[in-house]
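This report covers a few local features of one model. The sequence and structure come before the details.

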Amino acid sequence: MKKQKLVIIGNGMAGMRTIEELLDRAPDLYDITVFGDEPYGNYNRILLSPVLAGEKTVDEIMLNDESWYSDNDITLRHGEGKRVVEIRRNRKVVITNDGSEEPYDRLLIATGSKPFMLPLPGADLQGVIAFRDIKDVDTMLAASKKYKSAVVIGGGLLGLEAANGLMKNGMSVTVIHLLDSLMEMQLDDAAADMLKKSLIERGLKFEMKASTKELIGKKRVETVLLDDGTRLDADLVVMAVGIRPNIELAQKAGIHCERGIVVDDTMLTFDPSVHAVGECAQHRGIAYGLVAPLFEQAKVCANHLAQKAFATYKGSTTSTKLKVTGINLFSAGDFKGNEDCEEIVLEDKKAGIYKKIILQDDKIKGAVLYGDTIDGAWYFQLMREESDVSEIRRTLMFGQSHVGDSGTGGIDIMSMSDDMEICGCNGVSKGDISYAISSKGLFTLDDVRAHTKASSSCGTCTGLVEQILMATLGSDYSASPSEKALCKCTEHSHDRVRSAITSNELKTIPDVMKFLDWKNPDGCASCRPALNYYLLCAWPMEYKDDGQSRFINERAHGNIQKDGTYSVVPRMFGGLCTADDLRAIADVSDRYSVPEMKVTGGQRIDLFGVKKEDLPDVWSDLSEAGFVSGHAYGKAMRTCKTCAGANWCRFGTKDSTGLGVKIEELSWGSWMPHKFKFAVSGCPRNCAEATIKDFGVVCVDSGYELHVGGNGGIKVRVTDFMTKVETEEEVLEWAGAFCQHYREDAHYLERTAPWIERIGLAPIKEKLEDDKVRKELYERFIISQKAAQIDPWKARTSGKLKKEFMPIKDLVS
């Protein structure tokens, strides 16, 4: 089959990210030709500031060197003599300035933007430049070695980065800004004032509310004259007053343009053969200039070029982090607000800390952080996902520290040493991640996962990895979109996959992958366990659990240990046991030479060091003694911890142990998005630690207080109070209903704490306080338990499944 011809005009980050995504989806569909103005491969334009500051070299910011094009059979035509000057849509060809023609079946315009140059007298003098490409950086570096004084016109993000770089190269730098507030597009007045003071302390000079009248010099610029008559010495003038979408080619070709090239939600222009992405494109009235939106556009465009035709681009919410050395700054969304908004402000001028959150209808609409930006990514996530923050309003300004192991735990990532371990599952340090981001040109969480494995296993360190990304890349951090894809095999989010499963009655993993056009027909270690869980949750009485789509611990029904042996934990309902139970466990320990036993924090006994081939026999013996699996290895209901309660304790108000047994009998065996723990405390002294469990019950004289969303991980997260009920029957109904709502709504590998932080406690309470809805949830939980409460140990002690645990030599013999 003859390949179609795809031509890309523009060899920048947006265009080449589109091609990378396309090669991942349909590597053999097109014969690809790329045209670029600059004599380089694709480089990371947003790292020009570190190159100017002497922190990186040009080679270090290359994303795709010239060998990458040849390795992927891409024709690269670049340099001044290969610039496209015309698009002839009627013939489907592009024409370069050397007169050559290149035909296309599909055309992608990714021409980016051009710096706006003020039409001032003297703007054509030598030494007057923009700050846009490698050539501009080379010019500035050369000037810094020969001249003393520089003026930067424009006090926005790019202007301040240019000023900082020139100052670090020894020049005396003055910034001219038209308004009285720096970075007015990203900062409010208070933060801008603090920023200005900090930059002055570092050596920059400012002319605020100033307008440039003329640039004076003979051949080279020598002086900048302001409207008020002020004269500034200037051997170099950098104009950083904004950019404009580069749309001349498209306009000349008759493609509909406004501020940018107008595209629809598939990044298609009014010509069905022509797509546009990046800074040249205008989507729903907006032309974006930050990296994250451009990469989201690239993914959607590649999807349609690959003829998959299901992804759409709905626009982006953006954030900014200033990269000027030594100054931490973050802003996102509408940080000024209106009469319908509220604002919460925390300010400590002496410490150099300023935080402002804009709220509307209990949702974050914007944020400005100065000095302490550690929680910028968290606020940004809450804003993108439109989370209800009413329940955490009192502590909102103090950050994510109360969320526990669902996020960063309030850790200051920049104060960590490079050898500090971030991902315990894969042994990845902060230095490993930072180096990979810088050296390999990584921009997204998925990029980091692919190159370092950090955050790719249990996901606990995801918040820290995102903090490192944001700290390293600043405003160029490509934060995940509000609907994160389930994995790299699909464009669809967790919620969209779950919706497709139920609304289209998809009942096998292959059916789901086929219906949603999975890129990898076999899936991966991320999506297969998730799909298996979602199908199990949606069709508990019909779906056959796919053991090969589970993690090793769940396949082996025991926790694998560092030496390759397993631990076995029999269930002890509510922590109760008898003398016969203990004798049976002791007998198993002796019979199979178990090297160590330990009483766990969940009030059970853990047998360590069991060989894999002994597992079926250990299970068999424990089953005969009346035990079932404790599911200590699974994304499942683990334990219900209890205290002595009213039967024995003189402070106990209720039979907490008995209630704990009933809760565990109700819920054991239930598969969950993540591990799930109950606890019942017999009085407010809370000896069972009910207020750091996923679902905790605190008994009081007048009834039972129900608490949700706690955990005792890296950073303890105390539960949220949900309601108070009067009877044990009500406790069981609320517990089952809460479990089912969590099972049906949370994302796979999302614990209750981050789930509640993501969607808010209020909608959960509203749902469960509706008697009809609560009873329906409880009924669905009971139905699901009929299929779930089959002891996996007993099921695997006979039949062909037993062979899974036999050594190969025994199978052969």
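In which helix does D71 lie? D71 lies in helix α3, residues 66-71, where helices are DSSP runs of H or I with at least four residues and strands are runs of E with at least two, numbered from the N terminus.

## Basis

This is a predicted model, in which local features need pLDDT of at least 70 and side-chain atom pairs count only at pLDDT 80 or more, while totals for chains, interfaces and linings use all residues. Residues are numbered from 1 along each chain as its sequence is written, and side-chain values use heavy atoms, without hydrogens and water.

D71 counts as exposed because its relative accessibility is 59%; buried means under 20% relative accessible area, exposed over 50%, and partly exposed in between, with a 1.4 Å probe and protein chains only.

N97 is placed in the loop between β7 (93-96) and β8 (101-103). With 33% relative accessibility, N97 is partly exposed. Apart from neighbours within four places in sequence, N97 contacts E80, G81, K82, R83 and V85 (contact: heavy atoms within 4.5 Å). Between N97 and G682 there are 585 residues in sequence and 83 Å in space, C-alpha to C-alpha.

## Positive phi values

Most residues other than glycine have a negative phi. H557, not a glycine, has a positive phi of about 50°. H557 sits in the loop between α16 (552-556) and β30 (559-560) and is buried, at 4% relative accessible area.

Q603 also has a positive phi, near 65°. Its loop runs between β32 (596-599) and β33 (605-610), and Q603 is partly exposed at 23% relative accessibility.
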